[in-house]
Amino acid sequence: MSQKPEPQDPRIASLVAKARASQLTRRTFVAGAGSASLLAFLAACTPGGGSKTLTPAADVSATEKTLSWANWPYYIDQDEAGAYPTIDMFEKQTGIAVTYEEAIPTNEEFYAKVKDSLLLGQDIGYDLVTLTDYFAARMVSQGLMQPIGLADMPNAQANLNPGLLDATYDPGRQFSLPWQSGMTGLGWSTKAFPNGLSSLDELWDPALKGKIAVIDQWTDTMALILQSQGVNIDGEWGDAEYGAGIEVLKKQVSDGQIRAFTGNDYTELFKSGDIVAAIAWSGDIFIMNTEAGADDYGFAIPDKGGFLFSDNFMMPMGSRHKSNAQDLMDYYYEPEVAAQVAAYVNYVTPVAGAQEAMQAIDPALAENKLIFPDAATLDRARVFRQISLQEDKSFSTQFEKAKVG
Amino acid sequence: MALAGFANTSSRRTSAPMRRSRVAILLLLPGLAYLGLFFLAPLVSLVITSFEAPNPESFDIGSYVYSFQWQNYVAGVAEYWPIFLRSFVFAIIATVAALIIGYPIAYFIGVFLRGRASLQAFTLILVVAPFFISFLLRTLAWKQILGDDGWLVTTLKSLSIMPADGHITGTAFSVIFGLTYNFIPFMVLPIYASLERLDLRYLEASSDLYARPTTTFLKVTLPLSMPGVVSGTLLTFIPASGDYINASDDFLGGPSTQMVGNQIQANFLKLLDYPMAAVLSVVLMVIIMGVVTFYVRRSGTEDLV
């Protein structure tokens with residue numbers, strides 16, 4: 001039985017994607033019903049979360065040439081037949097069979113699904129997962145991930161962008177390795193703003209009441225708000241500064257300035273005209289322009305500073321294919337492979353040399369500032385200082401409360 | 001001999017119901033097992049979760065231990081009562097709107113079109129047809145239609161009916177609209193089912209006794225269709241008060257229209273605060289049960305439900 005071709009109209013394609021994202025596939029359902037629900041039930045009966053230290057599972061990569069990888073939707077190169085060319089090539093080169101699943105709709109939802117096995121250090125069904133910085137930080141501080149042998153990965157060692165080597169939550173990258181990075185900044189419709197936007201305060205202009213969206217994740221939105229208040233988010237700041245930032249957000253919610261808190265869905269709001277400006281991700285703006293075939297949308301890092309996030313490879317304690325996983329991570333640190341992925345996903349690649357490799361694939365993309373930002377731009381996209389688990393919990397709770405006004 | 005015969009019959013008399021009840025229990029087993037496994041066990045787990053306390057040994061997010069932290073309920077109600085209030089106000093308005101729109105439709109199909117089976121079938125299909133498309137897609141389609149660049153808003157603005165900076169999506173109106181739209185079939189079908197059996201001779205009798213059409217409707221038709229109205233309103237009100245799709249920012253809602261379902265989702269999937277999510281779910285269930293019990297008692301149809 002041949003598969004029906006994907007719809008051409010981007011609107012319909014996005015509707016289909018949404019409908020798919022909200023369905024359980026049979027595979028995840030069966031896997032979930034088999035292990036997760038039973039474990040959840042058992043875990044509910046036992047006193048939860050012991051504080052014992054977990055140890056990595058024995059590596060059976062030598063005998064089992066398999067690997068399973070959980071990633072986000074639309075986050076790897078895919079051809080029209082639905083195959084993943086770079087994964088196919090990896091399988092051919094190494095003989096390792098890769099099970100690739102778009103299993104992560106959000107960090108939290110994925111965690112909720114696997115946490116019972118994860119907290120016990122058991123096999124969660126994935127040898128490799130891709131988690132965003134703030135969530136990766138939680139995993140590291142809870143000791144839920146295996147160390148990665150960067151020494152055994154020549155490409156990663158040579159090509160990891162030096163600026164990303166020392167993550168605040170994982171200095172020297174012992175437990176995590178960036179998969180893709182992205183910038184959070186200001187996005188706008190060029191019809192409404194022919195001259196673009198440069199400062200976050202412009203979003204709070206009363207003339208834009210109800211025409212603004214912000215990202216439904218405290219790290220992204222608050223990073224911009226805190227910096228607009230003059231806070232250096234990589235330096236010293238605490239509850240007082242965060243509280244002041246939350247007050248700014250609350251005011252914009254109660255004034256009706258903010259139309260919606262969304263994930264990627266703000267792209268739909270731009271298209272339907274519901275919003276004209278937003279706190280946005282660089283990759284989305286690039287994709288919208290590609291779909292429109294024109295520069296209908298603009299993106300900039302605000303003058304007082306934007307946010308740089310990465311989604312990171314991590315190996316859960318229960319993973320039994322450490323060596324296979326390292327082979328795969330190292331493979332994606334070859335500049336040519338990284339360029340091939342970047343040409344499809346349009347986020348910022350953490351692999352040095354990918355820009356040169358992109359010249360061979362698509363010279364126009366190699367020049368694009370959204371995919372290969374220049375040093376000055378990257379310099380203004382900052383990361384948070386280390387955030388403790390207590391702070392993370394308090395910050396996300398305050399953010400959720402501010403959202404409802 | 002005769003005695004033996006009596007004994008025989010009497011033993012048969014007792015054993016037949018016994019056998020029957022054994023068969024009945026056997027037949028009930030799958031249903032009971034299903035209810036136990038998929039309703040009772042999750043419910044118990046939910047209530048247990050709602051009393052859990054944060055793990056004192058670690059600051060891990062989403063890590064809770066078994067406890068009897070009843071204060072969870074105080075905190076939940078204190079913090080979320082305005083959202084509960086909003087949810088029930090939205091659900092009540094949507095239910096009343098669905099009743100006002102749905103009753104005439106049901107009456108039209110069940111009484112007006114009586115005797116024209118093919119027309120009845122056709123109109124019923126029209127009522128059910130939206131179900132052929134996913135609930136999410138239908139709601140997303142409305143989001144497009146009601147969007148700021150959609151024809152409706154642009155027309156209203158060009159006619160100056162709507163202020164230039166006004167919008168529909170993200171407001172209480174669009175959420176209630178979405179709830180009403182999505183649950184109308186649940187209102188129409190039960191009312192239709194009771195009106196379809198309505199004996200028209202009662203209406204004739206009523207008019208023979210010089211009742212005006214309004215009186216006939218209020219004294220005869222409406223009371224006879226009450227079972228349908230009650231089940232229709234319940235089928236609309238209960239899911240509407242817990243709905244989290246229509247009010248979500250990604251669909252028809254905005255920051256100022258969040259309902260309890262959205263907060264349960266946020267606590268469960270974003271904050272990983274499982275006890276609070278469980279508290280909100282339990283409180284929602286208790287309130288709905290209270291409201292429904294009161295409603296069914298008042299409408300005097302408890303033996304019908």
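**Exercise 1. Work out whether A:Y74 is buried, partly exposed or exposed in this predicted model.**

Step 1: count the neighbours. A:Y74 has 15 C-beta neighbours inside 10 Å.

Step 2: hold that count against the cut-offs. Buried takes 20 or more, and exposed means 12 or fewer. With its 15 neighbours, A:Y74 therefore counts as partly exposed.

Step 3: find its place in the chain. A:Y74 sits in the loop between β1 (66-71) and α3 (85-94) of chain A.

Step 4: look at the backbone. The phi of A:Y74 is near 55 degrees, which is a positive value in a residue other than glycine.

**Exercise 2. Now try B:Y210: where is it found, and is it buried or exposed?**

Step 1: B:Y210 belongs to the loop between α7 and α8 of chain B.

Step 2: its phi is positive, about 65 degrees, although B:Y210 is not a glycine.

Step 3: B:Y210 has 7 other C-beta atoms within 10 Å, so it is exposed.

**Exercise 3. Describe how α7(B) and α8(B) pack against each other.**

Step 1: know what to look for. Two packed helices are described by the angle between their axes and the distance between the axes.

Step 2: Helix α7 (residues 200-208) of chain B and helix α8 (residues 213-242) of chain B meet at an angle of about 145 degrees, and their axes are 10 Å apart. The crossing of α7(B) and α8(B) is right-handed.

Step 3: name the residues that touch. From α7(B) come B:Y202, B:L203, B:S206 and B:S207, and they meet B:T216, B:V220 and B:T221 of α8(B).

Step 4: sort them by class. The contact of α7(B) with α8(B) holds three nonpolar residues, four polar ones and no charged ones.

**Exercise 4. Which domains does chain A have, and what does domain 1 bring to the contact with domain 2?**

Step 1: read off the bounds. In chain A, domain 1 covers 10-179 + 311-348, and domain 2 covers 182-308 + 383-403.

Step 2: count both sides. Domain 1 of chain A gives twelve residues to the contact and domain 2 of chain A gives 16 residues.

Step 3: stay with the domain 1 side. The elements giving two or more residues there are α1 (10-21) and α5 (133-141) of chain A. The largest share, four residues, is from α5(A).

Step 4: the residues on this side of domain 1 of chain A are seven nonpolar, four polar and one charged.

**Exercise 5. Which element of chain A has the lowest mean pLDDT?**

Step 1: start with the whole chain. Chain A averages a pLDDT of 87, and 88% of its residues score at least 70.

Step 2: go element by element. Helix α2 (residues 26-45) of chain A has the lowest mean pLDDT, 42, while helix α11 (residues 322-331) of chain A has the highest, 97.

Step 3: look around α2. Over residues 22-50 of chain A the pLDDT is below 50. Where pLDDT is low, the predicted coordinates should not be read in detail.

Terms used. Residues numbered from 1 in each chain as written. Chains lettered and ligands numbered in written order. Predicted model: local features only at pLDDT ≥ 70, side-chain atom pairs only at ≥ 80, totals over all residues. pLDDT = per-residue confidence, 0-100. Contact = placed C-beta atoms within 7 Å. Domains from an automatic or database assignment. Nonpolar A, V, L, I, M, F, W, Y, C, P; charged D, E, K, R; others polar. Axes fitted to C-alpha atoms, helices over the stretch in contact; angles between N-to-C directions. Left-handed = near helix turned anticlockwise from the far one by under 90°.
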